[in-house]
Amino acid sequence: MADLKIQGLAKSYKDVRVLENIDLDIASGEFFTLLGPSGCGKTTLLRTIAGFQHQDRGEIIVNGQRIDHKPAHKRDIGMVFQDYAIFPHLSVADNVAFGLKARSLPKGEIEARVNESLKMVRLDGYQDRLPGEMSGGQQQRIGLARAMAIRPTLLLMDEPLSNLDAKLRIELREDIRDIQRRLGITTIYVTHDQEEALAVSDRICVMNKGNIEQIGTPFEIYRKPLRRFAASFVGTMNFLPGQLEGGRLRVGSQSIDYPVDASGCVEVAIRPENVALASAPLQEGMVALKGEVLKITFLGREAHYTLRTEAGEIVAQVADPAQDFIGMEGRAVEVRLPLQKLVLFHPNGDVLDAGQAR
Ligand SMILES: Nc1ncnc2c1ncn2[C@@H]1O[C@H](COP(=O)(O)OP(=O)(O)OP(=O)(O)O)[C@@H](O)[C@H]1O
């Protein structure tokens, strides 16, 4: 079991600052995910923790001990890579044994650990195969078995599922989560896939341009975004321009009581699943906007309506659609935004108020 602290970490490539000033506190046994768009610095942070590259400043502390002066192979870290990084000319067993041989473990111990690791990733019986004879999902399982065989104190995973098709991705992510829970190994997982992050993580760290935007549980990140960036990057979020003045919120031509002590321009955000269409009775505490159906995307268990409203374009998600949509496009519709589901952002991107969403 290991906890990890990162303090004041910064890293530049030549003149370009890639990590600004990163502080993290990851608890023992936690499944902690770095989530952010391409180029935000996730891989750089992970590789710096692993010791494949060195920070310009800051500290990396595992169980109270600094590890940032140690070379990678002395950090006791297991790593799983996006492209598997397994040796094609070595058998499955030899691939998994690689780190154990490097550590000069006795032969019997190596064999026992290889078998145990392969069993864990459901590849028992494949010991003598070559990786080229196995599917992408199986190859990544070899990568995972190899990382776990050394019994690391930390497991780092860099986009381990990105090269797999959608169905396998879901299957393997469930397996990774189960193994991680069972072993209680502190895990740092990098992905740019927000759904994957929500599905597997204990906590998520949303990164943007080398900075941390927000750290929280999947629920907190989705429901209580602290910054516009996290709100827009995780899940779908609608944004409409609004105005706060004298305890009222104006959206489009509508104005409604909104007792917060602030005034000025705001961005009014709402998730598609919280936008109601006119069939629901108009209740107090709702903004009602006139709109028109531009497009409907039917996805089976739900449909997405793209709507033009007087305040801007938004998407409404209708669960379990009860009627066919032929002829609906172009129709006028009333769009309702429950106040308790609104999140208001300052023009600078900070959250201003999250009503009852909080
Ligand atoms: N060795 C390097 N030399 C110079 N610049 C680099 C190097 N490695 C990464 N970068 C730059 O640093 C920034 C962060 O890269 P990094 O790979 O950490 O991002 P990322 O969030 O993991 O992105 P991705 O999801 O695309 O892998 C990018 O702008 C990238 O171009």
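Strands β17 and β18 form a hairpin with two residues between them. Here helices (H or I, at least four residues) and strands (E, at least two) are DSSP runs, numbered from the N terminus. β17 covers residues 302–309 and β18 covers residues 312–319, and the two pair in the antiparallel sense over eight bridges. Two strands count as paired if DSSP finds at least two bridges between them. Thr309 stands opposite Gly312 in β18.

This is a predicted model, in which local features need pLDDT of at least 70 and side-chain atom pairs count only at pLDDT 80 or more, while totals for chains, interfaces and linings use all residues. Residues are numbered from 1 along each chain as its sequence is written.

Strand β12 takes part in two further hairpins, one with β11 and one with β13.

| Strand pair | Residues | Bridges |
|---|---|---|
| β17 and β18 | 302–309 and 312–319 | eight bridges |
| β11 and β12 | 238–245 and 248–251 | three bridges |
| β12 and β13 | 248–251 and 254–257 | four bridges |

Arg250 of β12 has a partner on each side: Gln243 is bridged to Arg250, and Arg250 stands opposite Ser255 in β13. The hairpin of β11 and β12 has two residues between the strands, and Gly246 there takes a positive phi near 55 degrees. In the hairpin of β12 and β13, also with two residues between the strands, Gly252 in the turn has a positive phi of about 60 degrees. β12 has a covered face, Leu249 and Val251, and an uncovered one, Arg248 and Arg250.

The chain as a whole contains eight helices and 21 strands. Its C-alpha atoms fill a box of roughly 75 × 50 × 35 Å, taken along the principal axes. Of the 358 residues, 38% are buried. A residue is buried if 20 or more other C-beta atoms lie within 10 Å of its own, exposed if 12 or fewer, and partly exposed in between, with C-beta atoms placed from the backbone. Among contacts between residues at least 6 apart in sequence, 65% join residues at least 24 apart. A contact means that the C-beta atoms of two residues, placed from the backbone, lie within 7 Å.

The domain assignment, which is automatic or from a database, gives domain 1 (4–230) and domain 2 (237–357). Their C-alpha centres lie 39 Å apart. Seven residues of domain 1 are in contact with eight residues of domain 2. On the domain 1 side, the touching residues divide into three nonpolar, no polar and four charged. In this grouping, Ala, Val, Leu, Ile, Met, Phe, Trp, Tyr, Cys and Pro count as nonpolar, Asp, Glu, Lys and Arg as charged, and the others, Gly among them, as polar.

The ligand is surrounded by eleven residues, among them Tyr13, Val18, Lys42 and His192. A residue is near a molecule or strand if its C-beta atom, placed from the backbone, lies within 6 Å of it. The shell divides into three nonpolar, seven polar and one charged. Helix α1 (residues 42–50) gives the most to this shell, with three residues.

Lys11 lies in strand β1 (residues 4–13). Is Lys11 buried or exposed? Lys11 counts as buried because it has 22 C-beta neighbours inside 10 Å. Not counting residues up to four places away in sequence, Lys11 touches Val18, Leu19, Thr44, Thr48, Gln55 and Asp56.
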